[in-house]
Amino acid sequence: METDFTAPYYPTKRRPLAPVAIVAMLGTLALAMHWIRELFIVQGLRWLYVLLFAFLGAGAFTPILVQAGRRWGLMDLPSERRAHGLPTPRLGGIAVYFGFIASVLLNSIVPDGMLGILLAGTLLLIVGVLDDLRELSAPVKLLAQAVAACIVIVTGKVLTLFPAGPLGDVANVALTLFWIIGITNAFNFFDGMDGLATGLAMLMAGFMGLVAFETDQPGLGWLSIAVIGACMGFLPYNFRGTHPALIFLGDGGSTFLGFTLACLAVKGNWADNNPIVSFSNPLLIFGVLIYDMVHITVERIATGKVKTIHEWLAYVGKDHLHHRLERALGSRQASIAMIFTITTCLGLSALALRHAGTGEAFLLLTQACLIVMMVTILELSTRRR
């Protein structure tokens, strides 16, 4: 990725913040008042307070980063690897992080084990921003993700698919490490079209939040709402219909969101006394990410594009699901709509798992596999034309 610090495409003079951003900033300051927060809590509307604070916080901070990116030349430049045609600031993830973390801390939504997730997420945000400024090598980024995942594991947040015992404990730790790193990278891959990654984060957080409230995990539900609010505040600057985005999430933002969502899935208890059903829930909610990761891995190896792990890590291409669907359907908007529709279908299946047993979980996972098989058939039939 090229980085131009001379900002040749935009004037460097200061521009006033947009009125909507000023209103968002004033709203954020008003919500920060103690008596207003208590008013929401007394009325049983804490979820709305968390949502509004994250929304206004990210909405107020994003235009500041747009101006900062233009002034200091922190731009994502068009290239053959990119889908955009104009230089665009790429530090939007900082605004999403600010909206999320401020809402979480102000509302004291730091349940057991969440502090480690926040610290590890902050580490990945910093590494991602550094990657946006000066491209880091794939092994360095992978090492940072492994360290962040280990922080979460050390704080006691581990998947419990396998029975307790020496071998089971090792398997659960390995599975947790693989899950967090895999989902983090898979989500980062989807930050390739305006509004795609942010919309996906909102959908996935929404389904996790619904399941969390249904299973009496309000802390996890509020965290999911904070993710949704922060993404809502950022989205109008990133997705503007037929107009180009004003700012991108950047690797910092997409990595932070993917990591946070993956860790929330690890932290949650998605079914009582049934680890298979509990593990099936995030499998469905994150099904699109898992499908794309498996698809590109198999295809790249089968076609000889990559032969080693290092080549796989370093490979960059337009072979992800949104790219393939754009070629099959003829437009980016249709591609994004298809991905959101698939994610919604799989998320609804996850909701149905609330009272399901092991058999029903396998049936719903089978149904999910059939859905992605239909997508694969559509792609392959389009390629042969």
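1. T260 is buried, with a relative accessible area of 3% (buried means under 20%, exposed over 50%, partly exposed in between; 1.4 Å probe, protein chains only). T260 belongs to helix α10, residues 250–267 (helices are DSSP runs of H or I, at least four residues, numbered from the N terminus). Leaving aside residues up to four places away in sequence, T260 touches F100 and V227, contact being heavy atoms within 4.5 Å.

2. A word on the source: this is a predicted model, with local features needing pLDDT of at least 70 and side-chain atom pairs counting only at pLDDT 80 or more, while totals for chains, interfaces and linings use all residues. Residues are numbered from 1 along each chain as its sequence is written, and side-chain values use heavy atoms, without hydrogens and water.

3. Next, the α3 and α4 pair. The axes of α3 (residues 46–72) and α4 (residues 92–106) come within 7 Å and cross at roughly 150°; axes are lines fitted to C-alpha atoms over the stretch in contact, with angles from 0 to 180 degrees between N-to-C directions. Residues of α3 in this contact include Y49, F53, G57 and F61, and those of α4 include I94, F98, G99 and A102. The contact residues divide into 13 nonpolar, four polar and no charged, with Gly counted as polar and Ala, Val, Leu, Ile, Met, Phe, Trp, Tyr, Cys and Pro as nonpolar.

4. Finally, α16 (residues 358–383). Its buried residues include A361, L365, I371 and E379, and the buried residues of α16 pack against α11, α12, α14 and α15.

Note on methods:
Helix = DSSP H or I, 4+ residues; strand = E, 2+ residues; numbered from the N terminus.
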